[in-house]
Amino acid sequence: MTQDAAASTLSHEVCMARALQLARRGCYTTHPNPRVGCVVVNGERIVGEGYHVRVGEPHAEVHALRAAGEAARGATVYVTLEPCSHHGRTPPCAQALIEAGVSRVVVAMVDPNPQVAGRGVAMLREAGIEVEVGCLEADAEVLNIGFVKRMREGVPFVRLKMAMSLDGRTAMASGESQWITGARARTEVQRLRARSSAVMTGVDSVIFDNSRLTVRPAQLELDDGEAIAERQPLRVVVDSRLRLPVAAACLRESGRTLVVTVSSDEARRATLEQAGAEVLVLPEATEGRVDLRALLAHLAEQEQCNEVLLETGATLAGAMLDIGAIDEMHLFVAPTLLGGEARPLFALPGLERMAQQRPLQIDDIRAVGRDWRIVARPLPHECAAPDDV
């Protein structure tokens, strides 16, 4: 869509779709803030566009208003998230819209942040500006699915990434797993890491693979206008007994590595901290294991994590699935067989009858290089397929 597009083509949906397109450019850079885009329309023309590039910098509305200049007066503004009404790192965007003299603001969704939550809309209306809410709301929620979940439920959105053979195996019995999938699939994993606030794994996965758990910008294939953050996502290693080797590659990378444990071994803790780890002691859940619900709450509240990428083995993956903590799965399937002795995708002890199966909703299947990617969501147990009659 060009900036001299005819008014007949500039419907609410078209303009909001453009704002959402702009917002996606900040997919990798706005943590912990939401991704927001803004379009300013005056008469038959788009006169300003902007998006939130990174935390601490001006919000989308400010960029769009600066681009529009005096043409913002009397204009209609399309913004993917309710303009903020409070002073944070930047002044309130609702006030900037008022001072710019816009006549109407179309908002995709109300901000779930309790600090805003309708206050921005109210501020605009009190200033005599017409406000409409709900244009492409579902699309706006998906764009900020992690931010929305953190604000509404106090936990981050968790994506599980696993690579497996066609017979559902993730590693040989020895733990060897590099590489099951091809280069193209690994590029997709880099994109998943780059958009995440944290990458979470179990200590066994680190011991076997010695993964760095980092974003490698050189392996990313960015779309037009996208940028990559300088920061690395927080690395989270679930390590109940503090078995993480001090020579682990993740401890030598830039950024933070948070080791989560229930162990009271102060000497071992000090050794890991000296090697560069941060150690978090959480309550024990069962059988000496970390309370994963408490961990997710910590990541949301203390670390402001919106999206967590879970890259791990069968044990932690099964435990997270058991407590209903996995929101979405990205399963990369390689055209190969590893055999019955290889390690399974999930450790789910106690499943003995078909009625106990864990149903999934498959949302997408597509080729990724020589491999296939399945995107699926866990469903409630009661949604399992009924027995054939």
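**Figure 1. Leu136 in a loop of the predicted model.** At 24% relative accessibility, Leu136 counts as partly exposed; buried means under 20% relative accessible area, exposed over 50%, and partly exposed in between, with a 1.4 Å probe and protein chains only. Leu136 sits in the loop between strand 5 (130–133) and helix 5 (137–143). Helices (H or I, at least four residues) and strands (E, at least two) are DSSP runs, numbered from the N terminus. Leu136 is not a glycine, yet its phi is positive, about 55°. Because this is a predicted model, local features need pLDDT of at least 70 and side-chain atom pairs count only at pLDDT 80 or more, while totals for chains, interfaces and linings use all residues. Residues are numbered from 1 along each chain as its sequence is written, and side-chain values use heavy atoms, with hydrogens and water left out.

**Figure 2. Glu287, a residue other than glycine with positive phi.** The phi of Glu287 is near 55°. Glu287 belongs to the loop between strand 11 (278–281) and helix 10 (292–301). Glu287 counts as exposed because its relative accessibility is 75%.

**Figure 3. The cis peptide bond between His31 and Pro32.** Omega of this bond is about 0°. Pro32 is found in the loop between helix 1 (12–23) and strand 1 (37–42).

**Figure 4. Strand 1 and its pairing with strand 2 and strand 3.** Five of the six residues of strand 1 are buried, so the strand is largely enclosed by the rest of the structure. Two strands pair if DSSP finds at least two bridges between them. Strand 1 and strand 2 (residues 45–51) run antiparallel and are joined by six bridges; Val39 has Glu49 of strand 2 as its bridge partner. The hairpin of strand 1 and strand 2 has two residues between the strands, and Gly43 in this hairpin takes a positive phi near 65°. With strand 3 (residues 76–79), strand 1 forms four bridges, also in the antiparallel sense. Here Val41 stands opposite Thr76.

**Figure 5. Asp209 and Gly313, two of the residues listed by UniProt for "binding site".** The UniProt entry is unreviewed, and its list also includes Ala163, Trp179 and Ser240. The listed residues are spread over 157 residues of sequence and also in space, up to 27.1 Å between C-alpha atoms. UniProt positions are given in the numbering used here, feature names are shortened, and annotations may be inferred rather than shown by experiment. Asp209 is in helix 8 (residues 203–209) and is partly exposed, because its relative accessibility is 25%. Gly313 lies in the loop between strand 12 (307–311) and helix 11 (314–322). With a relative accessible area of 21%, Gly313 is partly exposed. Leaving aside neighbours within four places in sequence, Gly313 is in contact (heavy atoms within 4.5 Å) with Met162 and Ser205.
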